[in-house]
Amino acid sequence: QVQLVESGGGLVQAGGSLRLSCAASGSIFSINSIGWYRQAPGKQREKVAIISTGGSTNYADSVKGRFTISRGNAMNTVYLQMNSLEPEDTAVYYCNAIIQRTASDYNGAYWGQGTQVTVSS
């Protein structure tokens, strides 16, 4: 089994900052990429930021320059530093990882349970 556990969500005023954390655990051979998606009420889930094994990053245009994704020393952890938050950033944020569980497995997509981020105006 693979688990992704997120933390760090909460309520913040516009212009404030939050830092999300996600830790992957369980039967993991390799993590090919790990990152964050979000889903606002009535909207589809969208990519926020992804970081690959090699360290390359990919951001949604709406968060470029405000959010920074990084991995911990333990490569199974990922962080999302969110600065200059706007009410439009309000959503449930989900950690996502593309994981190979054993050397002979195909990659699979795994999701965390989500953490609420609310930005008040």
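**Stop one: the rings**

There are 2 aromatic pairs to find here (rings of Phe, Tyr and Trp, its six-membered ring, pair if their centres lie within 6.5 Å; planes under 30 degrees apart count as stacked, over 60 as edge-to-face and the rest as tilted). A quick note before you click: this is a predicted model, where local features need pLDDT of at least 70, side-chain atom pairs count only at pLDDT 80 or more, and totals for chains, interfaces and linings use all residues. Residues are numbered from 1 along each chain as its sequence is written, and side-chain values use heavy atoms, with hydrogens and water left out.

Select tyrosine 37 and tryptophan 111: they make an edge-to-face pair, 5.1 Å centre to centre with 65° between the planes. Tyrosine 37 belongs to strand β4 (residues 30-39) and tryptophan 111 to strand β10 (residues 107-111), so this pair ties together parts 74 residues apart in sequence. Strands here are DSSP runs (E, at least two residues), numbered from the N terminus.

**Stop two: charges over rings**

Show arginine 45 next: its charged end sits over the ring of tryptophan 111, 4.6 Å from the centre. Then try arginine 19, whose charged end sits over the ring of tyrosine 79, 4.1 Å from the centre. The rule asks for NZ of Lys or CZ of Arg within 6 Å of the ring centre and within 35 degrees of the ring normal.

**Stop three: the disulfide**

Select cysteine 22 and cysteine 95, which are joined by a disulfide, S to S 2.1 Å (a pair of cysteine sulfur atoms within 2.5 Å). Cysteine 22 is in strand β3 and cysteine 95 in strand β9 (residues 91-100), so parts 73 residues apart in sequence are tied together. Cysteine 22 is buried at 2%, and so is cysteine 95 at 0%.

**Last stop: a sheet**

Switch to cartoon view and look for an open sheet of 4 strands, in the order β1-β3-β8-β7, with antiparallel pairing (strands pair if DSSP finds at least two bridges between them). β1 (2-7) and β7 (67-71) are at the edges with a single partner strand each, so one side of each has no neighbour in the sheet. Finish by selecting leucine 4, which stands opposite alanine 24 in β3.

Terms used
Buried < 20%, exposed > 50% of the residue type's maximum accessible area, 1.4 Å probe, protein only.
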